[in-house]
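Here are some notes to read beside the model. Please look at the structure first, then go through the points in order.

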Amino acid sequence: MDDTKLFVFLLCFIAQFCLSISASDQVNSFQSVPDLEKSMYMAIDGYPCVRLLNLSGEIGCSNPGRANIVAPVARFKTANKLVEPSALMVSIDQFEELFGRLSNDADFSRHVVGILVESGSQLQNGLKGFSPDKKFPQAEFAPYRSGSFEWNPTGSGLMWKAYNFPVFLLSNSSTSALQEIALRNEKRKKSYTVDVADFNLVMQTTKSGTRDSESCLREQTCLPLGGYSVWSALPPIAISSSEKAKPVILIVASMDTASFFRDKSIGADSPISGLISLLAVVDALSRADGVKGLDKQLVFAVFTGEAWGYLGSRRFLLELDQHSDAVSGLDLALIETVLEIGSVGKGFAQDDKTFFAHSTSETATNGMLSAIQDALGSLNNQSIKVSRASKSNPGLPPSSLMSFLKKNPKTSGVVLEDFDTAFTNKFYHSHLDDLLNINSSAIVAAASVVARSLYILASDKKEIKTSALNTININASLVEELLGCLLSCEPGLSCELVNRYIAPSASCPSHYVGVVLGEPSSQPYPGNVGDVPRFVWNFLADKTAIPSKNMSSACPKGCSGTGEVCVKAETDGKGVCVISTTRYVPAYSTRLKYESDTWGVLPHNSSDTMGEADPVWTESNWETIKLRVYTVQDTRFDTWVLLLGITVTVLSYIITAMAKAFITKALKRD
């Protein structure tokens, strides 16, 4: 009887165990492998710090080897002492503190195998500043020796060092998710599971022997930083005309910036506020009376690669020296003065509506400064001021004008900025230099002053009627639209204005320079040109254009007339033929040469005074960089599972033996 009760009990236990497994299987049934992966892994959105190289070495981030890094997620503020390799979460206000500790605490740094940086604008207003660039950015290119001068007081220089661990800036949604995971890990100190971060960040430059630009270009494991600058003339330059060429007033701005995190390079104040101001100036002057009759030629240039050794402006000057097709119709000797629109987005900071004119020399720029004061007088706005920069400054602040001054020390030029002796932008070259960091009213004010100053200066001291100046007004709505298009993901490059000219490849704008794809050309394949340069080219070509006589022609094949270009071709596949002097100019290091589908480093040319300081920046080849989080079991738990499996096996054997004996005995009774 006892044997019968034991047997029935074991059968009930096995049946219940099987039913529980069956129910679990039904709850966790999956239709496909991707469904299973989604249940196991959480994909994390973020912006990676990537590996860059120059002639002397590497900067940026990478895994130490070619394998993924997997480590538990922990918070930096609670992880005073690490006993195992960990991926640390850190808020932006503790970023510099963490990297300082990594430099000074060898035992602590040995256990940090990855860093996850929290995002969120709530800390931005409270920060004294965050700039991973140097205190004097690109001091080696300055036309004067004052490398210790601090244009950027909040600069830490962190972005110019090499790190053998991955660093990710998390998106807002991922920040919340990872914070919960880190807290869960803290509560699981005695648990058998832990949530880990899996960094898939393998750079091909970890290949032995390719740890600088020259070697990686030779092995084709990297590409040079660069892209395409754009210049445009207003009105168009009649190249075939027998008339004497006019002196040129060159107005420049930059369209690229830098950041510790490659794809989070926004640069709202530095330099995109200047770019937006320039575009608004072109729009205003294109509608002004009498522009065609001006005595001087207005030429607008938007450079890229300026954050990485002034690639755009230096290459532009070299193309002028070589009289290449990219600068056809433009002569360096005709450039009379240069006006650069720098950082102007914080010009109204703390109710101080003052901009500062940094000039190459007091005498050479008197005409420009006088025109600026006349323009201010015509605006009837007593609150807007433009002051000369302090004489205590060692020279120009970091700017494209430095390239022109290095080329010709007698260059007449002015840089309009929102600061005097030090940057007002406390987030210079940081992902925090975003839309919240600037004031649209300041951009409109700067554009208003520049537009009228150019008209006055190009009139060559002729008496200008007030009525003519009053026709030059900045479209504030255009400025607001450009801010939304170029500095935000919503609407971003999907905005109506951009889509009027191009079909962008992405919605969120990034102003990182990128790499040069294919052979550099004055007429590049559109797919090799970034979204922002393509938009700038089409916008300038459209605004500075004269209608073509052959308006019915489909372009680009139909644009065969002298000086004709095709604008808006991406929007409907046809485009419009217009007469416009708008060109692309390749932007890459003057120390590089493209030949037989490969890049090579040229020896230093003594006539290129900035070439000696050129680091020749390149970016490592890499595929999509991914970050994911999942739960793993402790090895002790695996041991328990093994022991439980052995126990179940032994019990199964005993139950089977007992069942066999019971059945045999029952059959004998029958």
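Which side chain meets that of R262 in a salt bridge?

1. The model is predicted, so local features need pLDDT of at least 70 and side-chain atom pairs count only at pLDDT 80 or more, while totals for chains, interfaces and linings use all residues. Residues are numbered from 1 along each chain as its sequence is written, and side-chain values use heavy atoms, with hydrogens and water left out.

2. The side chain of E619 meets that of R262, at 3.1 Å from N to O. A salt bridge here is a side-chain nitrogen of Lys or Arg within 4 Å of a carboxyl oxygen of Asp or Glu. R262 lies in the loop between β13 (248-254) and α7 (268-286) and E619 in strand β25 (residues 618-620), so the pair ties together parts 357 residues apart in sequence. Helices (H or I, at least four residues) and strands (E, at least two) are DSSP runs, numbered from the N terminus. Both R262 and E619 are buried (under 20% relative accessible area; exposed is over 50%, partly exposed in between, with a 1.4 Å probe and protein chains only).

3. D531 and R534 also form a salt bridge, at 3.1 Å from N to O. They sit 3 residues apart in helix α15 (residues 531-543), about one helical turn. D531 is buried at 11% relative accessibility, and R534 is buried at 7%.

4. D105 and R101 form a salt bridge with their closest N and O atoms 3.5 Å apart. D105 is partly exposed at 27%, as is R101 at 23%.

5. In strand β12 (residues 227-234), 8 of the 8 residues are buried, so the strand is largely enclosed by the rest of the structure.
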